[in-house]
Amino acid sequence: LYPDTFMNNSGAAVAKFVSRNEISNLIVVHDDIDLPLGEIKLNKGRGDGGNNGIKSVIDKLGTKDFIRVRVGIAPRSFWTGEVKRPKGGGPLERFVLKPFTRSEAPKLEEVKERAYGALEEIVQNGLESAMNKFN
């Protein structure tokens, strides 16, 4: 499902698509500014972590009991290698909406393959197996 709503209102589309008894099978793939570009993390039942799209999904479903594939988008410091999380508010919103740079393209391809692999592992062997392989 790729909602045609704004990301901050993704929950409206998800709630129409996923019935109550299928929520535990729901897998949401989303960006995460707290992870470096190219990394993924799998989890289930966590809060929104400041992601307004995930907050909307939790609010509309009335639960946080669904699987997430968090895809890192944060840049790393050239000097230290640490994640440089852009400041909140205007700069953060501008950051998450801007296109990726040419130099980031190889990382995007790598993370796309890892995310596909994680999704395949979740579906075939369950979340725990996928977490052991990809987290």
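Author: Let's start at L127, which is found in helix α5. Helices here are DSSP runs of H or I with at least four residues, strands are runs of E with at least two, and both are numbered from the N terminus. At 15% relative accessibility, L127 counts as buried; the cut-offs are under 20% relative accessible area for buried, over 50% for exposed and partly exposed in between, using a 1.4 Å probe and protein chains only. Before going on, a word of caution: this is a predicted model, where local features need pLDDT of at least 70 and side-chain atom pairs count only at pLDDT 80 or more, while totals for chains, interfaces and linings use all residues. Residues are numbered from 1 along each chain as its sequence is written, and side-chain values use heavy atoms, with hydrogens and water left out.

So who sits around L127? Setting aside neighbours within four places in sequence, L127 is in contact with L42, N43, K44, I67 and I122, where contact means heavy atoms within 4.5 Å. L37, on the other hand, is 90 residues away from L127 along the chain, and their C-alpha atoms are separated by 22 Å.

In general, two packed helices are described by the angle between their axes and the distance between the axes. Helix α4 (residues 105–125) packs with helix α5 (residues 127–134) at an angle of about 150°, their axes being 7 Å apart. Those axes are lines fitted to C-alpha atoms, for helices over the stretch in contact, and the angles run from 0 to 180 degrees between N-to-C directions. That makes α4 roughly antiparallel to α5, since angles over 145 degrees get that label, under 35 is roughly parallel, 65 to 115 is roughly perpendicular and the rest is oblique. On the α4 side the contact is made by R114, G117, A118, E121, I122 and N125, and on the α5 side by L127, S129, A130, K133 and F134. Sorted by class, the residues of this contact divide into five nonpolar, three polar and three charged. Here Ala, Val, Leu, Ile, Met, Phe, Trp, Tyr, Cys and Pro count as nonpolar, Asp, Glu, Lys and Arg as charged, and the others, Gly among them, as polar.

Now hop over to another helix pair. Helix α1 (residues 10–17) and helix α2 (residues 52–61) pack at an angle of about 40°, with 7 Å between their axes. The two are therefore oblique to each other, and the crossing of α1 and α2 is right-handed. S10, G11, A12, V14 and A15 of α1 make the contact with G53, S56, V57, K60 and L61 of α2. By class, that gives five nonpolar, four polar and one charged residues.

Zoom in on S56, which is found in helix α2 and counts as buried at 7% relative accessibility. Beyond residues up to four places away in sequence, S56 touches N8, N9, S10, G11 and A12. A polar atom of the S56 side chain lies 2.8 Å from the backbone nitrogen of G11.

At its start, a side-chain oxygen of N51 reaches to within 2.9 Å of the backbone nitrogen of G53, and just after α2, G62 takes a positive phi of about 75°.

S19 is found in the loop between α1 and β1 (27–36) and is partly exposed, with a relative accessible area of 31%. A polar contact of 2.5 Å joins the side chains of S19 and N21; the term covers a pair of N or O atoms within 3.5 Å, where within protein one must be able to donate a hydrogen and the other to accept it, and residues adjacent in sequence count only if both atoms are side-chain atoms. R76, in the loop between β3 (67–74) and α3 (90–97), is partly exposed at 45%. R102, in the loop between α3 and α4, is exposed, with a relative accessible area of 81%.

Key. A crossing is left-handed if the near helix is turned anticlockwise from the far one by less than a right angle, and right-handed if clockwise.
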